Amino acid sequence: MDRKQAEQSVQELRRELEYHIERYYNQDNPEISDYEYDMKMQNLKKLEQEFPELAAEDSPTQKVGGTAKREAGVLVKHNIPMLSLQDVFSREEVEEFVEEMKKQLEEPEFVVEYKIDGLSMALRYEEGELNLALTRGDGINFGEDVTANARVISDVKKKLKEPVEYLEIRGEVYMTNKDFERVNELQELNGKRLFANPRNCAAGTLRQLDSKVTKERGLSMFVFNIQQIRGMDISTHTQGYEYLKRNKIPVIDDYRVCRTKEEVWDAITAIGDNRGNLGYDIDGAVVKINSFAQREMLGTTSKVPRWAVAYKYPPEEKETTLLDIELSVGRTGRITPTAIFEPVRLCGTSVSRATLHNQDFIDELDIRIGDRIVVYKSGEIIPKVRRVLKEKRQKNTVPFRLPEVCPVCGARTQREKDTADIKCTSPSCPAQLERHIINFVGRDAMDIKGFGTVYVEELVRRGYLRNVADIYTLRQYKEELIEQGVIGKEKNTEKLLAAIDKSKENDAYKLLTGFGIPNVGKAAAKSILREFRSIDALMEADSEALQSVNDIGEVSANCILEFFRKEENRRIIERMQTYGVNMQSEEQPLGSRFQGMTFVITGTLPSLGRKEAAEIIEAQGGKVSGSVSKKTAMVLAGENAGSKLTKATELGVQIISEKEFLDMISE
């Protein structure tokens, strides 16, 4: 790779990493797995080492991830930086670290322990009383005050049995797999977005402004370090653990003290072998120097301590037996095959199902019932089948073919032209109806709070719902529903019926989203209703008029036309109008103030939320990006803007305040 290619790669990797850092630390909503992120970071480090002239102080390799969010709590200055750890990915790198420590230190001891996958939090005690709890934030300067939430975590001790003048400890707030599953079940029942994994759920919960929610969800905490102590002499990490345990503070006590590189690697291997048996997620093993004096002598870089590394395990894979292939029918009629296999533990949870996508995927793997297969978790979240162990295949297996009739209603199936999808051809298929209604009542569509999947399935099964218009007839069956306990007792039933009534007032773009027209999601529905203003007007539009809407092409236009041509759909809309469902849109027509301009929003704005600012920009024809580049027209910057502001300054991108932004709108 020459210098020009290296520079392009470095810029691209930095953009990608900044984007994923924002998603992980500040939005608690990562798009890629930790492993994929780590590999990108390693590639960037290697390029910066090979081409030192390309290194930069604001590179992701030089910073602790995350920013402090003012809206989550008061910002607090760190007494002791809450740094990251240097990641290593091979036995050779671990042994290099051990040998380097032996060169610099006299007979060093190493502690090897779990690296819990959660959110870092520091606790400060004064004279034995809990005084403050704060998150990592930017790791160097400020964290978020989360004391109120910390106090409702059962593992956080409010008072020490052996008080000292001052104690600051650091730990990891996490969620057990059992609590995570319980919370997601409640989320689904209430029609809310499910959390991707326990780490995301824990991070979002700790930042809640309502400590009651934090208490209900059931967070846990392990303490893994004494940051600072006054009033007692503690010289080693393990002595610190003994003191904390005497004070009933949960610590990572399943650790090993090692003296050789072989012992260190054996400890890492043992943790890796046991991680599938834990009731919580870990994302590696930490190797750290035991002596506090030796740690102080080694010091830190701007990002990591020199006295510790974190070994990251490769993505976990397990071998199992394929027991069956289950078929399900989605709201569009698409038939999806799912592998059912003997349960295995992956990334801390029991897994027994994985999607097989379509017939082409099954054919490509040549997967057959009874095969030995290898499964893994994509992004450490979604179970998938990696490969078939054909050398272990039994002689009596046969290739699997999706059926020619729907597994739910028995109607004929057909493969869609130019796709791998096989669909049920019956519009009255019960399975399609359930998925269609779930989409209709969901957050991005009519957003009927509390209308969970369980209620939808039961109401369809009992014949109360035959199409989405029937949702608005449920009130007339109130007494019947209460008597049969379909939704629950009177209070729950009335609550859901009130939410249904409230949804009649929604803007019409939500209704259009709920129709589930292919290629018409929430953003497209907004754009369409800005132009046509009502469902009635949209029903009369032709292809040319539809394609005049921004981002609506020929394929989307044809999908809309086909939907409104069907007499069944028109009857459903007429019924909804009769029931009082709003068909008008208040979405303002697109302005042109920011036509063709790309914005980046960073930091905390004094009065606008980022979402609100983004909606204003999009309503005026602009676009919002997550990273700064030469194509960025303006950066809208608030407090604690961080690296994006630095990048904008370097590139000469115009930076504006919220006041300047609002002035531009008013003009």
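Trainee: Which residues form the negative surface patch in this predicted model?
Mentor: Good place to begin! Patch members need over 30% relative accessible area and no salt bridge. Glu counts as negative, and the residues that form this patch are Glu479, Glu480, Glu483 and Glu490.

Trainee: Which helix gives the largest share of the negative patch?
Mentor: Look along residues 478–484.

Trainee: Is Glu480 buried, partly exposed or exposed?
Mentor: Buried means under 20% relative accessible area and exposed means over 50%, with partly exposed in between. Glu480 has 36% relative accessibility, so this residue counts as partly exposed.

Trainee: And where is Gly139, buried or exposed?
Mentor: Gly139 lies in the loop between β5 (129–135) and β6 (142–144). The cut-off for a buried residue is under 20% relative accessible area. Gly139 has 0% relative accessibility, so it counts as buried.

Trainee: What separates the C-alpha atoms of Gly139 and Arg124?
Mentor: Along the chain these two residues are 15 residues apart.

Trainee: What radius of gyration does the chain have, against that of a compact globule?
Mentor: Let's take the whole chain, which has 24 helices and 22 strands. Its C-alpha trace spans about 85 × 75 × 65 Å along the principal axes. For 667 residues a compact globule would have a radius of gyration near 26 Å, and the chain agrees with that at 28 Å.

Trainee: What percentage of the residues in the chain is buried?
Mentor: Here the count runs over the 667 residues of the chain. Buried residues make up 52%.

Conventions
Residues numbered from 1 in each chain as written. Predicted model: local features only at pLDDT ≥ 70, side-chain atom pairs only at ≥ 80, totals over all residues. Heavy atoms only, no water. Patch = residues over 30% accessible without salt bridge, like charges linked within 9 Å, V, L, I, M, F, W, Y side chains within 5 Å. Areas by Shrake-Rupley, 256 points an atom, 1.4 Å probe, with all protein chains shown as cover. Salt bridge = Lys/Arg side-chain N within 4 Å of Asp/Glu carboxyl O. Charge placed at Lys NZ, Arg CZ, Asp CG, Glu CD. Helix = DSSP H or I, 4+ residues; strand = E, 2+ residues; numbered from the N terminus. Buried < 20%, exposed > 50% of the residue type's maximum accessible area, 1.4 Å probe, protein only. Rg over C-alpha atoms; globule rule 2.2 N^0.38 Å.
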